[in-house]
Amino acid sequence: MASIAAVLASRVKAAVEGAELRSLLDHGLFTRRLPADIANIVNERRERLNVGNLLDVASLNPGLSFTQAAIKVFSESKNFRIAEDNMDRLILPIAREMSVADVKSVIASFISNNQIHFASGMPDLMLKFFNLTLGRFTECSTEWWGLREAVQ
């Protein structure tokens, strides 16, 4: 017989999976402190948000809880214009609050994804990103120098 905790976790997961995004937002599910097991279920749902959903959620609930999802979407940009749009609409709005690791991830995405790297609008967007994250330059200087080498 399944434990009560397992049954409850299964029901919570089913409810979160089946709920409309608007309902989850209205209840603040993405921004509340939750018990670890429930937070894991919510984080799984957050990671599957598509770009449009992610933009909606982030605009209604600005904050760092969407940073990893935003970086993932950015790093997987499939073409030049999408890369520029993802940088402009997903990364730049949260750049100022990013951690050192987040800044390093964005730089690594720029270097490794040619759709980001060669997008014509990306130099100006990366300059904005640099200025927004300047407070973390010392900790990220190696990555910034690596980026410089990659674009030469």
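**View 1. Glu 143 is a partly exposed residue, with a relative accessibility of 23%.** This close-up, like the others here, comes from a predicted model. The side chains of Lys 104 and Glu 143 join up in a salt bridge, with 3.9 Å from N to O. Lys 104 sits in helix H7 while Glu 143 sits in helix H10 (residues 137-151), so this pair ties together bits of the protein that are 39 residues apart in sequence.

**View 2. Lys 72 and Glu 76 pair up through their side chains in a salt bridge.** Here the N to O distance is 3.3 Å.

**View 3. Arg 148 and Glu 149 make a salt bridge with their side chains.** Arg 148 has a relative accessibility of 37%, so Arg 148 counts as partly exposed. Glu 149 reaches 49% and is partly exposed as well, because "exposed" needs a value over 50%.

**View 4. Helices H5 and H7 run roughly parallel to each other.** H5 covers residues 67-75 and H7 covers residues 100-112. To describe two packed helices, you give the angle between their axes and the distance between the axes. For this pair, the axes come within 9 Å and cross at roughly 10°. That angle is why they get called roughly parallel, as the label goes to angles under 35 degrees. So who's touching whom? H5 brings Thr 67, Gln 68, Ile 71, Phe 74 and Ser 75 to the contact, and H7 brings Asp 102, Ser 105, Val 106 and Ser 109. Sort the residues of this contact by type and you get five polar, three nonpolar and one charged.

**View 5. Phe 129, Phe 130, Phe 137 and Trp 144 come together as one aromatic cluster.** How many aromatic pairs does the whole structure have? A search of it turns up three. In one of the pairs, the ring centres of Phe 130 and Phe 137 are 5.8 Å apart and the planes meet at 75°, so the pair is edge-to-face. Phe 130 is partly exposed, with 24% relative accessibility, and Phe 137 is partly exposed with a relative accessible area of 27%.

**View 6. Phe 130 also forms an edge-to-face aromatic pair with Trp 144.** The two ring centres lie 5.0 Å apart, and the angle between the planes is 90°. This pair connects distant parts of the chain: Phe 130 belongs to helix H9 (residues 122-132) and Trp 144 to helix H10, 14 residues apart. Is Trp 144 buried or exposed? Trp 144 is buried, because its relative accessible area is 10%, and anything under 20% gets that label.

Note on methods. Residues numbered from 1 in each chain as written. Predicted model: local features only at pLDDT ≥ 70, side-chain atom pairs only at ≥ 80, totals over all residues. Heavy atoms only, no water. Axes fitted to C-alpha atoms, helices over the stretch in contact; angles between N-to-C directions. Helix = DSSP H or I, 4+ residues; strand = E, 2+ residues; numbered from the N terminus. Parallel < 35°, antiparallel > 145°, perpendicular 65-115°, else oblique. Contact = heavy atoms within 4.5 Å. Nonpolar A, V, L, I, M, F, W, Y, C, P; charged D, E, K, R; others polar. Salt bridge = Lys/Arg side-chain N within 4 Å of Asp/Glu carboxyl O. Buried < 20%, exposed > 50% of the residue type's maximum accessible area, 1.4 Å probe, protein only. Phe/Tyr/Trp six-rings, centres within 6.5 Å; stacked < 30°, edge-to-face > 60°.
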